[in-house]
Amino acid sequence: MEKYFEKNLGLFIYVLLSIGLFICFFYSFDPAGSGGFPTDFYNTWPYVEYLTKNFFGFPSDIPMTDNTPLNYMFLSWMNFFLEDKYLVRLFFCFISLLIPILFYIAMKTKYEYLDKNFLLIFSTLIFLFPSFISGAIWGNNSITANIFFLIFLIYFNKWLKKEDFSKINLNIIFQTFFLALAVYSRQYYALIYLFAMYIYFTRLNLRNFILISLIVFIFALPGFWIIINDPRVLQTIFTPTIYNTILISPSIMSFYLIPVFLLLFLQGSFSIDFKDKNNLISFCLISFLIIFISFIFDYNISVGGGFFVKLSYLTFGNNFLGVITSIIGLFLLYLIARENKGNFVIITILIIGFPAQYIFQEYFEPMFFFIFFLMLNSQYSKLFLQKKINSLFLSLYFFSYLGSAIVNDIFKITKNIS
């Protein structure tokens, strides 16, 4: 009996946390905070109802959203059959249970040598992300986008490990197709296309690269059609204040990197040699850059900014913690980026790719978690997964994070920060 329980522990945890998700659903929780997810759902519901009758309508027809429309199309299909927004949300919540499963399949594809039960347990960490819970409960496009993103990653890693790069086959076509669906669910995933095209350029010969570029262009045609008819999809998210992005994005990503590197450090698997001039100079330059940006930082922290920036203003009344975590995050990203050119490309894209008026933790959650373990070719993720105890500590870390998010949702602690 004990061996049976141990062998199926991952499945047991998955079922238990799935039940927890539906408990959150029935109480209409929004652990991501500030009411953004339910507000988005109710504000965009008129567009969903409009699509039920006018399936190819543009967001500009019912100007309630500036996102790409695929998720709202799915909601409109559900609404056509269920004819009740509560039932639509419930059915969508069931669909969201695919994300931990797809994450498990993607992890199993990349880390074939690791125990499958351990990988399933590790994949259930997704249930502890507040943005995942809020997205699942409130029919958010982040869920739809991440489903397609994970399918892309499954095909992508299969292709990298086993395929013949001398030809174009269904595997690489499926990659570009599902990544396109992610983009049409949430336009920020277009950033991943930049990295994918870089990988295709380095792995394929010129003829096949031109061919896959043509395929990508064909998949992008609906996107051009959307932008022409509704330019808000692009123009509302970009601002010239990219320096805000350079401070905030590494701070948000540091939230997921710090526990990983701290555990590796405590286990003796990671250390920083500041006697190495490259490390010392890089750390000094990064510190100078972030401190300089902090003097011209003009972000409205009442909307977004990430966990550490919010906590800093709540605790200190200034952005001290945001600056410190931005320096740490940018330096850790530098260490990962210098491992290989592919890492450098994707990390550069993530740092400067969100020059938005508002930058939310949800933009990176759980996308960055997927990227760290499934896209980056890093020794640090491999070292971390070698010890099963690490996933336990990481689950405690994210469980505490989720607990603080639920408390914040109940008492609205950060809602009035200014």
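A polar contact is a pair of N or O atoms within 3.5 Å; within protein, one atom must be able to donate a hydrogen and the other to accept it, and residues adjacent in sequence count only if both atoms are side-chain atoms. The model is predicted, so local features need pLDDT of at least 70 and side-chain atom pairs count only at pLDDT 80 or more, while totals for chains, interfaces and linings use all residues. Residues are numbered from 1 along each chain as its sequence is written, and side-chain values use heavy atoms, with hydrogens and water left out.

**Exercise 1. Describe the surroundings of Thr 176.**

Step 1: Find the element. Thr 176 lies in helix α10 (residues 170-185); helices are DSSP runs of H or I with at least four residues, numbered from the N terminus.

Step 2: Check accessibility. Thr 176 has a relative accessible area of 0% and is therefore buried (under 20% is buried, over 50% exposed, in between partly exposed; 1.4 Å probe, protein chains only).

Step 3: The Thr 176 side chain comes to 2.9 Å from the backbone oxygen of Ile 173.

Step 4: List the contacts (heavy atoms within 4.5 Å). Setting aside residues up to four places away in sequence, Thr 176 touches Tyr 193, Tyr 200, Ile 212, Ile 215, Val 216 and Phe 219.

**Exercise 2. Work through helix α18 from its start to its cover.**

Step 1: Compare the spans. The 12 residues of α18 (341-352) reach 17 Å from first C-alpha to last, close to the expected 16 Å; that expectation is 1.5 Å times one less than the number of residues.

Step 2: Inspect the start. Here a side-chain oxygen of Asn 340 is within 3.2 Å of the backbone nitrogen of Gly 342.

Step 3: Pick out the buried residues; among them are Gly 342, Asn 343, Val 345 and Ile 346.

Step 4: See what covers them. The cover includes α11 (190-203), α14 (242-266), α17 (320-337) and α19 (367-374).

Methods:
Helix = DSSP H or I, 4+ residues; strand = E, 2+ residues; numbered from the N terminus.
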